[in-house]
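Hi,

Here is the structure I said I would pass on.

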Amino acid sequence: MGKRSGQGWARALLALGLVLAVVACGDRKAAVAPVPPPAAPPLIARADLFGDAVRQKAELSPNGEMIAFLAPKDGTLNVWVMPANSPEQARPVTDDHTRGIRRFAWAEDNATILYLQDEQSDENWRLYAVPVAGGEPRALTPAGARADILGLSPHDPGAVVVKLNARDPAWPDVVRIDLATGERTTLVRNTNTATVRGFADFLVDLDNDVRLGIRSRDDGSMDVYARASGRWTKLFNIPFEDAMASYPLGFEAGGKSFLMLDSTGRDRAALVRVDAVTGAKAVLGESQRADVVDAWLNPATNQPEAFVADYLRPEWRALDPEAQADLDFLDAQLQGEPNVVSRSLDDKHWIVVEDGPTTPARSYLYDRTDLAARRLTLLFRHRPNLERAPLQPMTPVEIEARDGLTLVSYLTLPPGSDANGDSRPEHPVPLVLMPHGGPWSRDSYGFNAMHQWLANRGYAVLSVNFRGSTGFGKAFLNAGNGEWGGKMQEDLLDAVQWAVEQGVAQPDRVAVMGGSYGGYAALVGLSATPERFACGVSFAGIANLSTMLDSIPPYWTTWRNELYRRVGDPRTEDGARVLRDHSPLFRANQIRSPLLLAMGGRDRFTARAEQDLIAQAARARRNGSMYLVYPDEGHGLARPENRVSFFAVTEQFLGGCLGGRVEPIGAAFTGANLQAIDGADRVPGLSAYRRAASAPAETTTQTTTDVEAAPQLDATPAAAPVETPAASPPPATTAPAPNN
């Protein structure tokens with residue numbers, strides 16, 4: 001349900017906050033007739049699922065009088081504000097026309113919005129400030145440096161404390177920035193020497209004083225240091241096995257203790273209180289089935305009030321009677337899962353987001369001024385066009401892997417396929433397997449746009465928390481160490497076999513699709529087990545693990561040794577062999593099934609030369625494979641026009657491969673910036689984006705000697721770049737309707 005100020009540094013390493021795609025699987029399954037659901041419902045529009053929400057990410061000002069949120073302005077996400085009691089008076093305070101704004105926060109002065117933006121898709125987030133009353137934004141940090149907000153304090157309302165790597169890209173300093181003048185004052189100069197390692201992260205208290213630092217060690221573990229009077233003292237060590245599930249949340253009022261999620265000495269992370277001087281820990285909340293992953297913290301004191309563990313579904317538990325009353329009230333008022341995302345400093349007003357598998361997200365204002373007469377008022381529906389869409393329920397399932405591990409997974413079936421309501425189709429249907437990105441993240445119960453889209457088109461959808469996923473205890477997480485493409489991949493295959501044996505999936509109509517790690521898993525699936533999958537989709541999929549590790553950005557330097565232990569160590573002979581054996585690039589010539597390959601042109605983790613080699617090998621099969629590049633994107637698809645175009649191509653691809661329903665292309669390519677290297681002639685309208693396939697460049701890993709040479713089937717003569725068709729004229733800037 002969200003905490004107002006979590007300072008945890010759980011790393012979403014290589015996570016992709018995007019959903020994936022597929023394109024006309026082409027000739028391989030040309031004889032497959034479309035298989036619409038028994039009672040075909042209306043098609044849910046791609047744009048309603050994957051375009052920008054009408055309104056989203058509401059946040060209360062500290063005094064509770066105003067609400068900021070994100071909404072399109074002239075087609076681009078910007079920050080808007082409105083009085084908490086008058087949503088109809090919404091107005092924009094930013095005017096971005098490029099990639100849109102996605103991360104923002106209120107300053108404690110109640111008069112300034114802070115937002116972060118990576119203009120070059122390079123994850124170098126630059127911090128800006130814009131006055132709520134109106135005016136131009138001001139850059140508070142330099143271009144090319146990465147800023148992360150560490151602290152916003154009511155005791156220092158005219159400032160923000162950030163972690164900033166402007167001086168040294170690998171070792172960020174802690175800097176206080178005056179909002180009025182922009183003056184930067186270094187609070188901690190983070191120095192790394194041959195004898196003293198620098199800090200990877202920091203935690204400030206409620207007064208914005210730097211109180212904790214984290215140092216990573218060569219063995220992948222982390223040392224937690226306390227700071228007092230400018231001096232650092234080691235409190236305790238977090239072993240490597242616990243590093244991903246253990247991190248501080250915030251200091252409590254008075255500064256004598258801080259809260260953290262901690263799995264040391266236990267399998268599943270608990271909510272604990274830590275003495276800031278001695279390091280002594282006291283458990284406040286735990287679960288026998290899953291890690292504690294979030295907590296309610298009082299906005300003024302950071303006192304813990306409730307916590308949540310997520311096994312099959314999130315389960316909140318109160319730590320005091322008042323929090324229990326809030327949980328009971330929200331549970332009674334809402335159909336979906338409640339998530340508290342923002343609270344005013346006096347705690348009289350909250351923003352609560354509700355969602356569920358068949359409940360698209362809605363934001364509410366929760367008035368707690370009178371606890372005897374609590375009130376919940378709908379602020380807006382995030383995607384109002386989905387309110388009456390034929391959404392499908394999601395079923396949590398437990399699948400046993402071949403070695404006995406339990407894989408928590410989520411299944412969504414196409415409409416009309418489950419007449420008796422037993423969460424199994426009456427007859428097997430085509431299946432799309434969707435491994436998540438990260439891989440150190442997880443799939444959870446709730447509204448999932450990908451599940452709803454694919455089910456609506458006639459497919460069963462299965463998301464699997466393979467070993468290495470977070471939230472299920474450290475033994476489960478660490479079972480994935482060194483198993484990229486190994487046991488982690490076997491878990492996915494076991495889940496497919498389960499779906500076949502349960503009568504869910506047609507064995508010859510199974511597709512695999514994902515992004516980042518999920519894209520990697522798709523490439524491994526097609527190259528290592530080509531007989532299992534009818535087709536696959538990989539967006540930003542890692543082709544060569546060694547290249548990925550070589551491309552670690554400077555601000556991840558401190559986590560390098562941990563990554564080596566979790567993926568493979570290129571510095572050793574055995575480690576280098578494991579990385580090569582688990583890299584789909586070196587088995588690309590074994591790909592038989594149609595592949596939709598796509599990437600962002602600015603992706604720092606996915607090497608273009610290696611994607612070219614994968615495409616070259618797939619091209620040789622003449623099986624309807626496709627290859628797309630989005631020149632202005634990084635490791636995900638930020639621009640809604642690009643997202644919608646990608647899913648339009650994906651839908652055509654899956655329709656040709658698995659036989660599901662397909663929404664007409666329509667205006668799906670309007671405003672998109674994409675290059676169709678292979679397969680441009682297989683999707684209506686895509687030929688305007690055709691690009692010639694260039695000869696893949698050799699890489700430093702000698703990949704060209706292992707990939708089968710292939711003719712340039714879809715290459716066209718070199719030509720001047722084709723201009724992306726212009727978007728329709730933007731509408732006049734008006735406040736997005738509250739939709740309530």
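E32 and E33 pair in the parallel sense, with five bridges between them (two strands pair if DSSP finds at least two bridges between them; strands are DSSP runs of E with at least two residues, helices are runs of H or I with at least four, and both are numbered from the N terminus). One place to look is Met-513, which stands opposite Val-537 in E33. On another pairing of E32, strand E30 (residues 429-433) is joined to E32 by four bridges, again in the parallel sense. There, Leu-431 is opposite Val-510 in E32. Strand E32 covers residues 505-515, and nine of its 11 residues are buried, so the rest of the structure largely encloses it (buried means under 20% relative accessible area, exposed over 50%, partly exposed in between, with a 1.4 Å probe and protein chains only).

Before you go further: this is a predicted model, where local features need pLDDT of at least 70 and side-chain atom pairs count only at pLDDT 80 or more, while totals for chains, interfaces and linings use all residues. Residues are numbered from 1 along each chain as its sequence is written, and side-chain values use heavy atoms, with hydrogens and water left out.

Now the disulfide. How many does a search of the whole structure find? One (a disulfide being a pair of cysteine sulfur atoms within 2.5 Å). The cysteines are Cys-535 and Cys-657, with their sulfur atoms 2.2 Å apart. This pair links distant parts of the chain, since Cys-535 sits in strand E33 (residues 535-539) and Cys-657 in helix H11 (residues 640-658), 122 residues apart. The link is left-handed, with -105 degrees about the S-S bond. Are the two cysteines buried or exposed? Both Cys-535 and Cys-657 are buried.

Glu-651 has a relative accessibility of 2% and so counts as buried. What does its side chain make a polar contact with? The side chain of Arg-457, at 3.1 Å (a polar contact is a pair of N or O atoms within 3.5 Å; within protein, one must be able to donate a hydrogen and the other to accept it, and residues adjacent in sequence count only if both atoms are side-chain atoms).

Gln-675 is next, in strand E36 (residues 675-678). With a relative accessible area of 19%, Gln-675 is buried. Gln-675 and Tyr-630 are 45 residues apart in sequence, but their C-alpha atoms are 6.3 Å apart in space. If you set aside the neighbours within four places in sequence, Gln-675 is in contact with Tyr-627, Leu-628, Val-629, Pro-631, Tyr-689 and Arg-691 (contact means heavy atoms within 4.5 Å).

Then there are two hairpins that share E22. Strand E21 (residues 292-297) runs antiparallel to E22, and five bridges join them. In this pairing Trp-296 stands opposite Ala-306 in E22. The hairpin of E21 and E22 has six residues between the strands, and Asn-302 in the turn has a positive phi of about 60 degrees. On to strand E23 (residues 314-318): five bridges join it to E22, also antiparallel. Phe-307 has Arg-317 in E23 as its bridge partner. Three residues lie between E22 and E23 in their hairpin. As for cover, seven of the seven residues in strand E22 (residues 304-310) are buried.

There is also an open sheet of four strands in the order E17-E18-E19-E20, paired antiparallel. Strand E17 (247-251) and strand E20 (281-285) are at the edges with a single partner strand each, so one side of each has no neighbour in the sheet. Neighbouring strands in this sheet are turned by 30 degrees against each other on average, direction ignored (axes are lines fitted to C-alpha atoms, for helices over the stretch in contact, and angles run from 0 to 180 degrees between N-to-C directions). E17 pairs with strand E18 (residues 257-262) over four antiparallel bridges, and Phe-251 has Phe-258 in E18 as its bridge partner.

Finally, the overall numbers. The protein has 11 helices and 36 strands, and 61% of its 740 residues are buried. Of the contacts between residues at least 6 apart in sequence, 60% join residues at least 24 apart.

Cheers
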